Amino acid sequence: MSIDNAPRLDGAGDVHQGPDETPPAPAAPAPKPARNKTPLWKLLLRDRVATVAAAILVFVFLVAVFGPWLVGDAATDQNLDQSNLAPFHVANGWMNILGTDPLGRSMLARLIVACRTTLLVALPAVALSCIVGSLIGMWAGYHRGWRETTAMRVADVIMSFPSLLMAVVVLYVFSPSAANIVLVLAITRIPIYLRTARAESAELQSRLFVDAARTFGARSGAVIRRHVFPILLPTLLTVATLDFCYVMLAESSLSFLGIGIQPPDISWGLMVSQGRTYLQTAWWLSFFPGLAIVITTVSATVLAAWARIATDPAQRWRLTVPRSRRSRLFPTRKVVS
């Protein structure tokens, strides 16, 4: 062993190796906390109520798309010999399992055809109001100033009139058709999205990442499209889901009043209106379309409540923790009187 490579003692008596010794490996960095990357569909399956609601809505959409093609002309075929048949009698045939109306038409087939009509009014109205209101709201909230003031005053003017009353007045003046119903309901619902998008974009435009994008020369349109809109999208979808319930109920109310969908077209609200005179003798004429409206709106409301939590990073953990453990972590306080 050479003198250079020999171990040597320091003043404290500790042994130090020579220069040929391999230096110790650096300490491994501390692991980063794992982020919650659970897909939304897995979170949905963990919530039984939300899963059932989503399954019902998917079923309703499938019925609206493929149902009229499957039933054919059964919704319009009349047979006075089978007028007002009671439901749940297999002897009357599967097409008449939900009974018939005074003209002998199948209630099941009419419910399926009315499902498409109801959704063809509710979905375009929600989509149109969401697109127009969100674009104006993001533009006004990002730029502020006179743009924000003008947009908010217009929204206040629209909201000063009751939306259902405005729809009644407009449809009384003009002919009650599906296109007019969609247009009127869309205009009355624009302020909901405009105010929501304006508030969110006004808060986001002062964030550091937005300031950084502007510093690097990004135009306002690019900043809104790439930074503001992706953050705002979950909120808009939640509001649109809840608004879908209102629009569908509004269309049913207008049809019930006789200024909505007109025969020979059919909707759930119109079916309820046509069956109200037979409530004592043929209850199923109004019961089944009314039940379809209630089930669809409740399912959409439940799914919207779940989506609000699932898309919020601060609340999403509630969907990953079992209810039993959640109750132990956050016990309910008992109020002693």
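E148 comes out as buried, with 13% relative accessibility (buried is under 20% relative accessible area, exposed is over 50% and partly exposed is in between, using a 1.4 Å probe and protein chains only). Everything here comes from a predicted model, where local features need pLDDT of at least 70 and side-chain atom pairs count only at pLDDT 80 or more, while totals for chains, interfaces and linings use all residues. Residues are numbered from 1 along each chain as its sequence is written, and side-chain values use heavy atoms, leaving out hydrogens and water.

**View A. R144 meets E148.** The two side chains form a salt bridge, 2.7 Å from N to O (a side-chain nitrogen of Lys or Arg within 4 Å of a carboxyl oxygen of Asp or Glu). The structure holds 8 salt bridges, and a network of them links D101, R105 and R110.

View B. R153 and D156 pair up with their closest N and O atoms 2.8 Å apart. Both sit in helix 4 (residues 145–159), 3 residues from each other, or about one turn of the helix; helices here are DSSP runs of H or I with at least four residues, numbered from the N terminus. An α-helix has 3.6 residues a turn, so residues three or four places apart point the same way. R153 has a relative accessible area of 46% and is therefore partly exposed; D156, at 30%, is partly exposed too.

**View C. R189 bridges helices 6 and 8.** Here the salt bridge joins R189 to D243, with 2.7 Å between the closest N and O atoms. This one ties together distant parts of the chain: R189 belongs to helix 6 (residues 178–204) and D243 to helix 8, 54 residues apart. Both R189 and D243 are buried. The charged end of R189 also sits over the ring of Y246, 4.0 Å from its centre (the cut-offs: NZ of Lys or CZ of Arg within 6 Å of the ring centre and within 35 degrees of the ring normal). R276 does likewise over the face of F256, at 4.7 Å from the ring centre.

View D. After the helix comes G258, with a positive phi near 90 degrees.

**View E. Rings around W283.** There are 6 aromatic pairs (Phe, Tyr and six-membered Trp rings with centres within 6.5 Å; planes under 30 degrees apart are stacked, over 60 edge-to-face, the rest tilted). W283 and F287 are edge-to-face because their planes stand at 75 degrees, with centres 5.5 Å apart. W283 and F288 make a tilted pair, 5.9 Å centre to centre and 40 degrees between planes. F288 is buried at 9%, while W283 is partly exposed at 39% and F287 is partly exposed at 41%. One aromatic cluster takes in F88, W283, W284, F287 and F288.

Definitions and conventions: Helices (H or I, at least four residues) and strands (E, at least two) are DSSP runs, numbered from the N terminus.
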